[in-house]
Structure formats: structure tokens, C-alpha cells
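Please keep the viewer open as you read.

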Amino acid sequence: MTIQQIQRALNAIFLSQIKSVNGEIEQIYASDLMSDVLAYGKADAILLTGLATQQAVISAHMAEFKGVVFIRGKKPKDNALKIADQHDLVILSTTLDMYESCARIYEIQSGKSQAKFKKGKSGDQIEDLSLTENFSINGDDFANAGAVSTEIKAILKKIGLDHQIIRRVAISTYEAEMNVVMHAKHAQVTLRLTPDSIQIVVDDVGKGIADIDLALQEGYTTATDEMRAMGFGSGMGLPNIKRNTDDLQIESEVGKGTRLTLNFVINS
């Protein structure tokens, strides 16, 4: 496929100087984790990312990519475009989210949809669906708190999952995200979706949990008065997650961080 085909499929706009739009693109690599881009991306690919910074452009250049597509209408405000022009990288921006962008590009490559599914009623089956997406959360970033869980909910709604399981995933993910914002430095979030299950892993670097059993008790909290004044930290975070997941696994080490693995069954 060509850059022009990608641009048309995503209804994207060019942000960089347009050089060649007809060169063959070997692969699309979708990620917000630049270390993964450098580790697994292949030369002559296009990076699809929500990380609208010059680091995304530099990573694409180091990995010998041909360009970057920023999703959700994002446009970098730093030196990203200058760096792109210096190294002949094509930069585009699309208003689509990561899932829909990947699905449209997949259709270009294969001529068929990425997932087949029925919508709307409890018990509907999802066929041939496999999806992995990565996100990041910054601690103490209350201005953007909830952005990751909102994006995950949007992905599940587009797929057409039953609204009850979407609600459970959304509540659990939002509570986990708020825990990171309040108590950790940062976290990586991985969404894994199969025809039968949803798994969300929230792996943070932070304080850790000294007593997991105590932390699971309703009303127990280590939130500050300032956090409680903003409406957070009532001591219902982990209990809410446990209540809404089919399986919750907690691994934690004081002074290092916590990993939450949230599992949901789609078809029982």
C-alpha cells in the first residue's frame, strides 16, 4: 500500500511537507510505547500513534520508518515537524482513534474487515477478533485523568460488545487509572481482547501496596485531604475493581509499584 492510500483511508491531513505519496509501505506499526517501536518495528513502515511529540518522530526516524500518523486529531507542538522535514518523514493527522485507524488500514491490505461480530444483545458472539493496544498514564496528572479508560471504552463500543460488560470494564479501568494518578509515578496499560475475553494490565511504578487485603476493604484509603477534596480517594477503588471484574490479580512491592490484571469473560 502507499502513503496516499493510507491518507485517503484515514481521511488524514498532511502536516509535513509532501514529498512522495506513492512509495510502498511495508507495514503499519501502532503503538504509544517508543521502546516497542524500536524493538519490533520494521523498516519502511508507518507509525500510528497517539503520542504527539518529537520523540515519536525521532523514534520513527531511528527505526527507518517512512512517516508517522497521529491519531485522534493530535498535532505535535514541539519540533516534531521540523525534525520530520529534515529527515524526509511524512507526517499525517487523522481524527480517527487507534482501533478504527488500524481496521481501515487492515481493509486496504486484506480487502476484508478485521473483525466479524453481531451487535446489541446479550450473548452475541464475536468472531475472529484479536486486539492488543498499549497506553500510558502519568501520576499526579489530574487534568488528563480518565483519558485512557475513556479510549478503551470507545474501542469496546465500536466493536459492539454488550453494554453491561463495557460498563464493568469502564468502571474498573477508570478506578485503576485514578489509583495511578493519585499514588504512582506512571504506568503502562495493556488492553488484550480475544473472542472470549478482555484483559487489562495496569503496571505502575510507585509506592506499592503494603497490605493488599486491607487495601481491598471498602473505605480504606491512603488518599490525601487534597485528593478527597477533589472527589477522589473514598476507599472504593480496589473494591470497585474487584466487584466488576471476573478475576482480579494484584502483585505489589512496596517502594517499587503495583501490577493489576483485570480479566473479563465475554462468552461464558
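Asp246 has a relative accessibility of 44%, so it counts as partly exposed; that class lies between buried (under 20% relative accessible area) and exposed (over 50%), with a 1.4 Å probe and protein chains only. This is a predicted model, in which local features need pLDDT of at least 70 and side-chain atom pairs count only at pLDDT 80 or more, while totals for chains, interfaces and linings use all residues. Residues are numbered from 1 along each chain as its sequence is written, and side-chain values use heavy atoms, with hydrogens and water left out.

**The Arg168 and Asp246 pair**

- Asp246 meets Arg168 in a salt bridge, at 3.1 Å from N to O; the term stands for a side-chain nitrogen of Lys or Arg within 4 Å of a carboxyl oxygen of Asp or Glu.
- Distant parts of the chain are linked here: Arg168 sits in helix α7 (residues 163-183) and Asp246 in the loop between α10 (237-244) and β11 (247-253), 78 residues apart.
- Helices (H or I, at least four residues) and strands (E, at least two) are DSSP runs, numbered from the N terminus.
- Arg168 is also partly exposed, at 22% relative accessibility.

**The network around Glu100**

- The structure holds six salt bridges, and Glu100, Arg104 and Lys158 are linked in a network of them.
- Glu100 pairs with Arg104, with the closest N and O atoms 2.9 Å apart.
- Both of these residues lie in helix α5 (residues 98-110), four residues apart, or about one turn of the helix.
- Glu100 also forms a salt bridge with Lys158, where the closest N and O atoms are 3.0 Å apart.
- That pair links distant parts of the chain, as Glu100 is in helix α5 and Lys158 in helix α6 (residues 147-159), 58 residues apart.
- Glu100 is partly exposed at 22% relative accessibility, Arg104 is partly exposed at 26%, and Lys158 is partly exposed at 38%.

**A patch of negative charge**

- Glu24, Glu26, Asp44 and Glu64 gather in a patch of negative charge on the surface.
- Patches take residues with over 30% relative accessible area and no salt bridge, and like charges are joined within 9 Å.
- Asp and Glu count as negative, and the place of a charge is taken as CG of Asp or CD of Glu.
- Accessible areas come from the Shrake-Rupley method with a 1.4 Å probe.
- Glu64 lies in the loop between α3 (54-62) and β4 (67-70).
- With 51% relative accessibility, Glu64 counts as exposed.

How values were computed:
Patches are made of residues with over 30% relative accessible area and no salt bridge: like charges are joined within 9 Å, nonpolar side chains (Val, Leu, Ile, Met, Phe, Trp, Tyr) within 5 Å.
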